[in-house]
Amino acid sequence: MRVHVYSFLPLLILGSALAAQMPATREAPKLQPGDELRIRVWRDSEMSGEIGIGPDGTLLHPVWRTLKVTGLPLPDVEARIRQFLTRYQTEPQFVAEPLFRVTIGGEVDRPSLYFLAPDVTIGQAVALAGGATERGRRDRVRLLSGGQLRMIKLDGNDPSGNLPVRSGDQLIVERRGSVFRDIVAPLIAIAGSAAAIITVSRPRR
């Protein structure tokens, strides 16, 4: 399976206000603006390709531009493509594969924007990004999807890692913390600053 990698886009800051529990199952996959649709029409290279989806939900292609594909169950998208192709072929033969945009960042080797098929799982998506770095925490992978945040463990028995990706998903692998770097060192710095302030402010005798 070929994966399209684009330049890294900054991830949204995931605040605690978004930390709502997501359901164990996810709704049926649907294409959204910004996704892509891979279409292969038998013996017709001009109508085949990996076609982006514009803001109005139509395909960014000279021939396909009137076809709207967003917000529909995938079988309905295929039915629309078949009906559209009957304008040019009596019995059209084609294959259509959605490619969802998924942002993968944090402590992974290749943070970027990916376009992935609907059967790719969250665990597989992280692996496609090179997997977690040495500082990455496979037990703390944030999934932001549809405005809801979920924490996923990829190194245990959490079945959430087998959930399929959906359009617009953002996956962030958290960094492994260091007690000295994150707690001890800041306390030492604060104590040093406080001591300096006391020394400066102490009146001379």
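Modeller: What follows takes the salt bridges pair by pair, then the elements around them.

This is a predicted model, in which local features need pLDDT of at least 70 and side-chain atom pairs count only at pLDDT 80 or more, while totals for chains, interfaces and linings use all residues. Residues are numbered from 1 along each chain as its sequence is written, and side-chain values use heavy atoms, with hydrogens and water left out.

A salt bridge here is a side-chain nitrogen of Lys or Arg within 4 Å of a carboxyl oxygen of Asp or Glu. The whole structure holds 8 of them. Helices (H or I, at least four residues) and strands (E, at least two) are DSSP runs, numbered from the N terminus.

Start with E97 and R38. Their closest N and O atoms are 2.3 Å apart. E97 is in strand β4 and R38 in strand β2, so this pair links parts of the chain that are distant, 59 residues apart. Burial is judged by relative accessible area: under 20% is buried, over 50% is exposed, and partly exposed lies in between (1.4 Å probe, protein chains only). R38 counts as buried because its relative accessibility is 7%. E97 counts as partly exposed because its value is 23%.

Next, R140 and E174. The closest N and O atoms of this salt bridge are 2.6 Å apart. Again distant parts of the chain are linked: R140 belongs to strand β6 (residues 136-145), E174 to strand β8, 34 residues apart. R140 is partly exposed, because its relative accessibility is 29%. E174 is buried, because its relative accessible area is 14%.

The strands show where E50 sits. R38 stands opposite E50 in β3. β2 and β3 run antiparallel and are joined by 5 bridges; two strands pair if DSSP finds at least two bridges between them. They form a hairpin with 2 residues between them. R43, in the turn, has a positive phi of about 60°.

A further salt bridge joins R175 and E107, with closest N and O atoms 3.0 Å apart. R175 is in strand β8 (residues 170-175) and E107 in the loop between β4 and β5, 68 residues apart, so distant parts of the chain are linked here too. R175 is partly exposed, because its relative accessible area is 46%. E107 counts as buried because its relative accessibility is 15%.

R135 lies beside these residues. R135 is found in the loop between α2 and β6. Contact means heavy atoms within 4.5 Å. Apart from its neighbours within four places in sequence, R135 is in contact with E107, E174, R175 and R176. R135 is partly exposed, because its relative accessible area is 48%.

The buried residues of α1 pack against β2 (36-41), β3 (44-52) and β4 (94-106). Those residues are V77, I81, F84 and L85. Seen down the axis of α1, they fall within an arc of 95°, so they line one face. That arc is taken from the directions from the helix axis to the C-beta atoms. P75 and Q83 are exposed on the other side of α1.

Finally, the nonpolar cores. Such a core is a set of buried Ala, Val, Leu, Ile, Met, Phe, Trp, Tyr and Cys residues joined through side-chain atoms within 4.5 Å. The largest has 19 residues, of which I104, L116, A125, V126, V141 and L171 touch the most other members. β4, β5, α2, β6 and β8 each give two or more residues to this core. α2 gives the most, with 3 residues. A second, separate core has 18 residues, including L37, L67, F84 and F100.
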